[in-house]
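Please look over the model below before reading on. My notes follow it, point by point.

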Amino acid sequence: MEGAERAVSKLDLPHKVTDFLTSSWGIVNLHPPQFEAMPSVLGGSNTLLAIPTASGKSLVAYIGIMKRILVDDPGSKAVYIVPLKALASEKFDDLSELCAAVGLSVGLGIGDASAEAKKIEECDVLVCTSEKLDSLMRNRSELMANVSIVVADEFHLMNDATRGPTLEINLTRLRHLRPKAQIIALSATVGNCQDLATWLDATLVLSDWRPVALEYSTFHDMHLEPRLVQSSAMSSDGDALQPPRDLEGPKSHPTWVVVNDTIDQEGQVLVFVGTRRSAQSEALKLSKRVLKRLTKEDPDRVKRLAAFADRLEGGQQTAMAERLATAIRGGFAFHHAGLTHGQRKAIEGAFKDGLLVGLAATPTLAAGVNLPARRVLVRDLKRWDDGMSRPLPVMEVRQMLGRAGRPKYDAFGEAWVLCKGTDGWAIADDVSRRYFFGPVESISSKLSSEPALRTHLLAAIAAGGFRHRGELGEFFQATFLGASVSPTYLKEQLDRMLDWLVAERFIRRVGVDDDYVARKADSSAASSSEEDWDDELPIWASIAKSTGGVDFQAPQSLTTQRQPRNESAFTKASLGFTQATDLAHVGGWDQPTGVDHHGMVYEATMMGERITQMYLDPLSASQLRTGLRRAVRRLVRQNRPVTEFSLLQLATTTPDFNALWAKNSDMEVNSLLWLKTNTIEEELLTDITLEERLLGYVKSAWMLEKWIEEETLREIETDLDVSPGDVNHRVDLMGWLLAAARQVLLTDDVFSEDHLAEIDQLSSMIDVLRQRIRHGCKPDLLNLVNIKHVGRARAREMSKIELRTPRDVLAMSRKQRSDLLALRGWGPVLLQNILTEVEKVVEKENKATHRTSPPRVHEDDVPLSGERQSDD
């Protein structure tokens, strides 16, 4: 009977939804926590669902979306926010299946393709990353006008210093733009769930129920000690611990002992380690042992593993790819961010298909795609962070352990922690108390960090529609930061950052809006219980106001026009002396700190607006602007060089770029990096005094220089010890930063018209460099690499037989065609596809030339010398 009550068919949803869930996805009954969430979700209330991994949080969100946009508010739009691109693709696939069955469309917003734009505008359900949603609300806020439901997946990552502030701002802004929109937050269990639910005005659904029982155990000195069972309570013995047992195998390699035992039970295992290097070394050691066993017991699987390794993307291009292929042949791969996207996807697919016995992974895998296994072993409980080895947070370890147990496949999951040390029993007890039975950390807002606050404060002014100091205060008071700190602290942080933005000329103070002040005063009088956000007068003025003979005069109401810089619009007190505010230039930049009025109006400068549009950290923009001004002056004076390396190194110093670290060997005198740094010192546009940081920036720029000089990934890996995935990541970042740098250069207004030629020269240099970064090629290949199916390697092969432009390709001779087809990797189908694309490119060029060419003047229409114009 209990199961019947939780039947999907009884939900208040259209039949086409319930029929799809039961027939296509095989979901007949809801899990208990899912069922508990239904009244709130189906009733349209905000809901915070905090339940373990693999307990079906996503299904609750899908049901809420269907109810909202099919029943409650037909024709409206849903937004599904995820923290990672990989997770976005996974949810997009799920929702595409569901929505196709009910006649809805799904869009994907992860910033990877220009073709996204149309789908984002027309779709009924938008799946996107927090960063993409933030960008959309800055530049196309009208797309949010019809949003009726918002889902925030992996909500606990609001605790992440990088992604958290953007998610927090997104939810705050959506609640401001669409106050009636329903919010469903999906989270792991955290220490302050109720505080988060209160902030969202949400119903809290909190449960530790799991569809597959999870047994937590410590493993030390070959002894396995079960400590806790987190179960579904579906059977009477659901909470019974398995008896302790000792495993057999080499004490010098406990990880292999765990993997070997997993193979005995025909399962799969995820081994979490602390570093990328550890993931690789552990996987290679385990794969050797696994291969020996599989060769004897399952030779067919060994053949399939070898075939998979041969198909691996870039399998022979880098040493890391070769190591990965070697590990795969043994049935045990490694997984971390240094791999390419294609390699990670292939490994995940092979693991899900059961081909791989296990993975050695860094903790980032636990926050990524859904990849459960029978058993999880956390080998490393510490991580090097901020100069010292620190224990991992309980929340992070629970996320890793929660990957154990595959629904529909395993009766229970096994979550093991390897305990290292001389006193294994004592360490195991400490680990159990902390990570199994101890409290999970609370989530704290990371919005108060300087990079987050300056970025989102500028965006609120430039694109968020907030102009008054009071409005800004109220908006940030509505964030989780505002709910967590005192109003005084928040006000001080905002004022300090506003002063910086004004000093950098990204925003300007226009003056005090007396109409706004009057409206706020009336509102405050009408609701005396409402706490005043910002004192209208400083303390000295409050005292003076009660003094006899003091007269406070109200100025004229502020107009929407920009005020002259020498015109004051502040409230004045006649005290017989000049106010400090009278010394400032209203509408200017030099407002003293701490005298802001809540009626003060701010507006973004053109530079501030452009920074927001480019999704750039204001500090990055400031550093780029300073360096680019130096570059222009050098070009004008011709006293020092401005090179491509100058521009690359400038961009690497910005906070938006993830610079490489200089290793100990790099910092030795006469190391290759040390020598490189000394040879390019005259080219640098920055002032970096700390040697370690300078070497890291030069190393980053050098890596990118090698990339655009067409060095292979293997050569870059060998020379600089940089993984292919790290190269790809930084190539993407540099392409974006160079595009932003060009906009900063063209928006900057400090130079006179006499210097436009140098500005144009620098702009062209940046644009060519950006294209080279994108394609990884020398300048002579830029005409070819933009053609579909032609990368830098094929373009270089074409250039060697004198094919350098699209028109050259169309006019290629029979010999040139034969020469291409004789090369490895070329074939008739590929060549025909390239020719088809070239025809499109040439046709487009012809149309553009025709539109821009001046009309042809017939020779006979040119007047003769002395010929007069007719009066008719």
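This is a predicted model: local features need pLDDT of at least 70, side-chain atom pairs count only at pLDDT 80 or more; totals for chains, interfaces and linings use all residues.

1. **Overall make-up.** The chain holds 35 helices and 21 strands. It has 872 residues, and 51% of them count as buried.

2. **Charge pairs in general.** Side chains of opposite charge can pair when their charged atoms come close. How many salt bridges does the structure hold? The count is 52. The next points take up some of them.

3. **Arg323 and Glu717.** These two residues form a salt bridge, with 3.9 Å between the closest N and O atoms. What does the pair tie together? Arg323 sits in helix H13 (residues 319-329) and Glu717 in helix H28 (residues 713-720), so the bridge joins parts that are 394 residues apart in sequence. Is Glu717 buried or exposed? Glu717 is buried, because its relative accessible area is 9% and the cut-off for buried is under 20%. Arg323 has 31% relative accessibility, so it counts as partly exposed.

4. **Glu474 and Lys520.** Here the side chains meet in a salt bridge at 2.3 Å, N to O. Glu474 belongs to helix H18 (residues 469-477) and Lys520 to helix H21 (residues 514-526). The two residues are 46 apart, and the pair links distant parts of the chain. Glu474 is partly exposed, with a relative accessible area of 34%. Lys520 is partly exposed too, at 25%.

5. **Lys491 and Asp495.** Lys491 is partly exposed, with a relative accessible area of 22%. Asp495 is buried, at 6%.

6. **A network.** Some salt bridges share partners. Which residues do they join into one network? The members are Glu710, Asp780, Arg796, Glu802 and Arg804. Find these five on the model and trace the links between them.

Technical notes. Residues are numbered from 1 along each chain as its sequence is written. Side-chain values use heavy atoms; hydrogens and water are left out. Helices (H or I, at least four residues) and strands (E, at least two) are DSSP runs, numbered from the N terminus. Buried means under 20% relative accessible area, exposed over 50%, partly exposed in between (1.4 Å probe, protein chains only). A salt bridge is a side-chain nitrogen of Lys or Arg within 4 Å of a carboxyl oxygen of Asp or Glu.
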